[in-house]
Amino acid sequence: MYYGGDYNPEQWPEHVWHDDVALMRRARVNLVTLGVFSWSSLRPAPGRWEFGWLDRVLDLLHDNGIQVNLATPTASPPPWFGRLHPDTLTVTADGARLTHGSRDTYCVSAPAYRDASRELASVLAERYGGHPALAMWHVHNEYGTWCHCDHVAGAFRRWLRARHGDLATLNERWTTAFWSQGYSDWEEIQPPRATQWLPNPSQALDFRRFLSDEMLAHFTEQRDLLRPTGRPVTTNFAFGSWVPVDHWKWAREVDLVAVDDYPTGDLAEESAFVADLARSWAGGKPWILMEQAAGVEYTPRRTLPRPPGDLARTTLIHVERGSIGAMFFQWRASRGGAEQWYHGMVPHAGPDTRTFREIAALGETLAALPPRPAPRPEVSVVWDDEAWWALQNRGLPSRDLDYLEAVKQPHRLLHRAGHHVAFVHPEHDLSPYRLVIVPSLLPISDAALANLAARRGAVLMSFFSAVTDEHLRVRLGGRLPAFGITIKEHRPLAEPLTLSDGTEASLWSEEIALEGAEAVVTYPDGSPALTRFGNTWYLSTRLTDKAYECLLTCLLRRSY
Ligand code: GAL
C-alpha cells in the first residue's frame, strides 16, 4: 500500500528536507510525488538545467526507504518559456491571451510546448530512469486546460477531417443548415470561440472530444519516452465539469489509473463515487488515489476542518474499493504562493498538530491492513463523459438538467444501502450485472442502443435518454422499442407533482405512449410516469431519494 503525497522540496531550504524524511518515516510514508511544478527549478533559464537539488532529494528519499513518483513538470511552464514562445500561452474563448503568473498556462497544441514537453520527459527519463527510488512516473498534472488559439484551430480542423472525412458529412452531422452555418472550406471552422448567441451544440461537443484526444496525445508522447525505463506511467485525473477528458479512453492508455478526490457535501458518498469511477475506469488494472486534502474540506467559500477520524474514513473508502495507495496534496503546507492556505500532511504549525497525528495514525493503519478481496458489484450505472458534456450545452429544454446529479443519485442510494456499484460505458459488456441503470444519457450511438436492446437482465433508464445520436441530432419519432414506449413530448416541470403512488416528481416529465409496456406509476392526469416492459424500466421524471431508493430495492429484490 503506497502512502504519501505531493512533495515540493524546491519550496524549502535543504535543512527542512531532513526534517521531512524523518517525519515521513514517522508517518510511514513510502511514496512521494516529486517535481509536479518544478519546471522553473529544473530549468531556470532557456539554456540552464539544475539537477543537483533533485539528485540530492532522490538520494535522500532512497536512503530513507521512500520511493518516488517522479513528475514531468509540464503543467506549469515558467515565465521565461512564455516570453520566449508567446504562442504557447493559453487563449480564452473571447480571444484574450493569458499570461504567466499562475499555472496551467499553456496550449497543448502549440508545437514549441509539445517539443519542450517531450524534451523534459526524455531528459528526466535519461537521468532518473534507473534511479533506485523511482517507483512510477506522473505525467503532467490534472489535464484540463482549454485553449482557443490558432494552433488549436489548426489541430481541431485536422481532428475533424479525420472524424468526419469530408465537409458535406460534417455539415450534415453538425446541422449547419440551421442559422446559415454551412462550411465551404475547412479553414472556416473555428474552435468554439465567443459567439453572438448560442453556439452550435455539435461543434461544442466535438471540441471537447478533440481536446480530450489532443491532451491524450500530449500524454502518450511523454509516456512513450518514459516507458522504456520499465516503470509504470500515470497521470492524475481531475474530476470537474470543465475537464475535457474521456476517462474510458484515457484509462486504456495509462499504466495505472490515478484520481484526485476533493469531495464536498457528504464526503463519504462523494469519495465512494469517485473511487467507484476510478475502479471502473481501471477495468481490472491497478488504480490509486493520487490526491486528497489532509484533514480539511474545500468548499467554495471556506476551508472547513474535518471531524476527527474523518480523514481515515474517506481514505478507507478508496482502499476498500481497491486503491493501491492513499496520497495527499501535499506533504508540507506551503509558506507562500497561491496555495499557501491549502492544507498539508504537515501543517504550518508542524507535526504537533491533530492533522499530523491523524496522518501518522493512518500510516500505521494502512501498513497493517490485510489485503482485501476486490468488490464484485451486481449493479452498474452507465457513465459517459460525452453525455455529461452534452448536458452542459446551452439551449436545452431545461437548465435544471444535471447529468452528474442524475448519475450520483442512484449511486448514493445504492451506496447507502450497502451495495457496491460499477460504472460502465454504454457500449461495454453489460452481462455481469443484475441491474444496469442508465441515467439521462442524452446522446447515444447506434452501437450503445443495440447493446442495451440486446441485454437480457434488468435495465432502468431515466428521462432525456437516447434522445439524440452521438452528433446530437434528434432520433426522430421518439421510439424506444426496447422499452416498449414512444416518447411523444418532453415537459420540464416548474413545480413538483404528486405521482399515483403518492411520491413526488420534479424537474422533468414526458408524455409517453405505451407500445407494449405497462404504466407502473402515473402522473396526476393518469399518463405513464414509470413504465415496465419485461425487464426494462423507464423513468420519465426525477424521483425523491426515498422513492428512488424504494424503486431500486424493488428492482433488486425483483419484487415488482
Ligand atoms: C489539485 C491539484 C494540486 C493542488 C490541489 C489543491 O487539484 O492537482 O496541484 O492544486 O488541487 O488542493
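Colleague: How is the protein chain divided?
Modeller: This is a predicted model. The protein chain is divided into domain 1, covering 2–147 + 230–368, and domain 2, covering 379–558.

Colleague: What distance separates the centres of domain 1 and domain 2?
Modeller: Taken over C-alpha atoms, the two centres are 37 Å apart.

Colleague: And how many residues are in contact between them?
Modeller: On the domain 1 side there are 20 residues in contact, and they meet 20 residues of domain 2. Between them the two domains bury about 1,700 Å², with 59% of that area on carbon and sulfur atoms.

Colleague: Which residues of domain 1 lose the most area to domain 2?
Modeller: They are W248, E269 and F273, which together account for 37% of what the domain 1 side buries.

Colleague: How many salt bridges are found across that interface?
Modeller: The rule finds 2 salt bridges across the interface of domain 1 and domain 2.

Colleague: Let us turn to E270. Which residue does E270 form a salt bridge with?
Modeller: Its partner is K408, and the closest N and O atoms of the pair are 2.8 Å apart.

Colleague: Changing topic, what do β1, helix α1 and β2 make?
Modeller: Together they make a right-handed β-α-β unit, in which helix α1 spans residues 14–26. Strand β1 (residues 2–7) runs parallel to β2 and is joined to it by 4 bridges. Within this pairing, G5 has V32 of β2 as its bridge partner.

Colleague: Which way do the residues of β2 point?
Modeller: In strand β2 (residues 31–34), L31 and T33 point one way, while V32 and L34 point the other way. In a regular strand, side chains alternate between the two faces of the sheet.

Colleague: Are those residues buried or exposed?
Modeller: All of L31, V32, T33 and L34 are buried.

Colleague: How does β2 pair with β3?
Modeller: Strand β3 (residues 67–72) and β2 pair in the parallel sense over 4 bridges. L34 stands opposite L70 of β3.

Terms used:
Residues are numbered from 1 along each chain as its sequence is written. This is a predicted model: local features need pLDDT of at least 70, side-chain atom pairs count only at pLDDT 80 or more; totals for chains, interfaces and linings use all residues. Side-chain values use heavy atoms; hydrogens and water are left out. Buried means under 20% relative accessible area, exposed over 50%, partly exposed in between (1.4 Å probe, protein chains only). Helices (H or I, at least four residues) and strands (E, at least two) are DSSP runs, numbered from the N terminus. Two strands pair if DSSP finds at least two bridges between them. A crossover is right-handed if, with the strands pointing away from the viewer, the path from the first strand over the helix to the second runs clockwise. Domain bounds come from an automatic or database domain assignment. Contact means heavy atoms within 4.5 Å. Buried area is the accessible area (1.4 Å probe) that two parts lose on being put together, summed over both. A salt bridge is a side-chain nitrogen of Lys or Arg within 4 Å of a carboxyl oxygen of Asp or Glu.
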